[in-house]
Amino acid sequence: MNAAVPAGHPISVPHLLARNVANLGSRVAYREKEFGIWQCWTWAEAEQEIKALAMGLLDLDAQAGDHIAIVGRNRPYLYWSMVAAQMIGCIPVPMYQDAAAEEVAYALEHSGAKIAIVGDQEQVDKIADVRERVPQLRHTIYVDGQGLRKYDHTDMSSFADVQKRGRENGNAADVSARMDALTYDGTCVMLYTSGTTGRPKGVVLSNRNVIETAKSSCEFDGLTAQEEILAYLPMAWVGDFIFSIGQAYWAGFCVNCPESPATMNADLREVGPTYFFAPPAVFENHLTNVMIRMEDASRLKRKMFDWAMGHAKKVGPAILDGGRVGPIDRLKYFMGNLMVFGPLKNRLGMSRVRIGYTAGEAIGPELFDFYRSLGINLKQLYGQTEATVFITQQPDGEVRSDTVGVPSPGVELKIDDDGEVHYRSPGVFVEYYQNPDSTSSTKDAEGWVATGDAGFIDKASGHLRIIDRIKDVAKMSTGALFAPKYVENKLKFYPNILEAVVFGAGRDKCCAFINIDLTAVGNWAERNNIAYSSYQEISQHPRVLEIIQGHVDAVNESIAEDEMLAGCQIHRFLVLHKELDADDGEMTRTRKVRRAIVGEKFDDLVEALYDGSSSVFTETEVTYEDGRKGKIAATLSLRDAKVVQVSSEKLAAE
């Protein structure tokens with residue numbers, strides 16, 4: 001049973017806003033870079049903008065309980081839209097800005113959204129394309145009106161016009177009355193899951209879920225109003241919601257929005273966040289760019305980098321955790337920081353990072369240790385949309401690459417007989433919207449939630465270790481444990497490898513699909529005077545295949561050292577002729593591989609890997625950015641990898 005709310009405790013995000021205006025009114029709450037200049041809004045100014053929009057929404061006949069869709073890139077206006085919706089008892093439903101029209105139609109139809117607040121013409125056009133499928137959608141509000149002057153504005157208004165109508169026609173007393181009607185267990189937001197195994201589900205989170213989770217996680221890491229964050233992750237993702245709304249409003253820190261996705265890295269350097277979150281793919285991309293730049297550097301700089309990073313790998317994490325390191329090693333590390341680490345962290349925009357987190361996917365230990373060795377306090381957390389993010393976190397001084405930490409404050413953990421992780425916490429979601437069957441199969445009557453992940457609690461440290469998705473963890477025909485994500489993360493540490501998909505469940509050996517990173521491989525091709533006309537051509541170049549083979553062989557050597565997973569070495573592999581893409585259904589919008597769909601879509605390639613073929617011809621349907629369909633054909637080279645022999649006892653280890 002939910003605990004009573006203490007007197008004076010904020011019961012919703014709008015109430016947190018009112019508290020921040022009273023206590024931090026003149027502090028900057030939002031920044032956005034526009035036309036190269038940072039625009040700022042204090043908490044008091046943000047409240048005025050939000051209330052004007054809330055009154056404008058009331059003027060558009062928004063009713064308590066209505067769903068309001070929010071679609072676009074990270075902008076203060078869209079964050080204000082979520083809070084304005086909450087202020088009048090409506091439920092914000094953020095959606096992925098890069099979603100195809102069909103995905104937008106599904107979310108609008110499923111949620112029954114009455115109003116949509118969007119960023120620009122692109123989102124207006126998507127809604128217009130599916131308008132007949134969503135007759136309940138009454139009005140669209142856009143922030144950027146460029147290109148929309150000649151559109152029919154009968155059921156469409158600009159963000160500024162709605163605010164103007166609110167200021168002129170609205171009644172602040174109506175907004176106050178709506179706020180007074182909010183409850184701690186009322187709905188705060190509805191967020192859609194990534195849809196790894198099927199249609200996305202609408203996860204209903206209450207005010208209690210969001211505020212209790214924000215409160216405990218801020219206390220865990222000592223987050224204060226002094227923090228700075230960069231809001232660049234998809235607004236539809238629960239991670240962005242809890243960091244840019246939940247924690248930002250609880251602690252009162254500033255949310256910085258980049259000018260565009262293209263300028264994100266430059267804006268990151270200018271902001272210099274103290275609190276930073278990114279999924280592993282972002283850290284992989286940063287590392288790839290670093291390695292590309294080092295390949296172009298002089299021989300002296302490369303030697304200096306290799307020396308500094310070699311020493312950092314040895315002592316950096318210990319220094320970061322306050323461990324015992326000798327004076328000579330500390331001096332060497334200081335010199336490395338002066339010449340290499342400091343400039344590199346500045347280049348990455350991480351010079352001021354006090355707390356950094358990664359989650360969303362498992363991160364490779366080599367990648368994780370690279371950032372820790374630089375002196376960046378990068379930690380792992382384990383979470384889900386259904387948990388309002390936080391299930392486990394790593395305390396300072398207890399950071400390990402192979403675990404995801406201890407239970408977050410207020411979270412209980414248990415592992416069932418099948419090895420599946422279950423949790424219970426104040427952040428446990430209310431329900432899946434209009435899906436009672438899925439709700440009951442995921443959350444039991446006592447509030448325990450099945451994560452779908454296999455894991456165990458390390459006896460020595462008390463930390464949780466996640467092996468893989470329970471549906472992906474299996475046995476090979478040899479009896480060896482099969483955990484594909486472990487192998488895939490080791491492969492993705494290499495800058496030349498963007499994505500990997502490993503197969504092997506029920507078979508006698510593992511095989512892999514690999515996507516090259518076109519940026520890294522293209523840079524290598526340019527330096528070596530290798531001409532190519534397409535991703536498809538460079539992916540099958542013999543020298544590229546040799547490089548990838550070297551990476552696969554090195555990963556096999558590393559895997560052979562792990563007693564539990566030594567049987568997961570890759571015997572054969574191929575480099576795919578196309579990048580896995582969310583538009584083609586092969587990945588989710590958060591870049592999680594839909595393994596079953598990939599295996600089914602490329603079943604001819606999987607069978608060719610296992611039947612010993614040296615090459616295979618394939619034809620694949622692709623979706624272009626404008627929604628058109630097409631086909632690409634290619635003949636792929638299949639290669640054998642070097643496998644390290646291990647004992648049969650080790651292969652059969654549980």
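Biologist: In β18, which residue is the bridge partner of Glu412?

Modeller: This is a predicted model, in which local features need pLDDT of at least 70, side-chain atom pairs count only at pLDDT 80 or more, and totals for chains, interfaces and linings use all residues. Residues are numbered from 1 along each chain as its sequence is written, and side-chain values use heavy atoms, with hydrogens and water left out. Strands β17 (residues 412-415) and β18 (residues 420-424) pair in the antiparallel sense over four bridges; strands are DSSP runs (E, at least two residues; helices are H or I, at least four), numbered from the N terminus, and two of them pair if DSSP finds at least two bridges between them. Within β18, the bridge partner of Glu412 is Arg424.

Biologist: Which residue in the hairpin of β17 and β18 takes a positive phi?

Modeller: Four residues lie between the strands of this hairpin. The positive phi, near 90 degrees, belongs to Gly419.

Biologist: Is Ala46 buried or exposed?

Modeller: Ala46 lies in helix α2 (residues 43-59). Buried means under 20% relative accessible area, exposed over 50%, and partly exposed in between (1.4 Å probe, protein chains only). Because its relative accessible area is 0%, Ala46 is buried.

Biologist: How is Met335 classed by its relative accessibility?

Modeller: Met335 is found in helix α13, which spans residues 327-348. Since its relative accessibility is 33%, Met335 counts as partly exposed.

Biologist: What is the relative accessible area of Lys301?

Modeller: Lys301 belongs to helix α12 (residues 299-320). Lys301 is exposed, because its relative accessible area is 55%.
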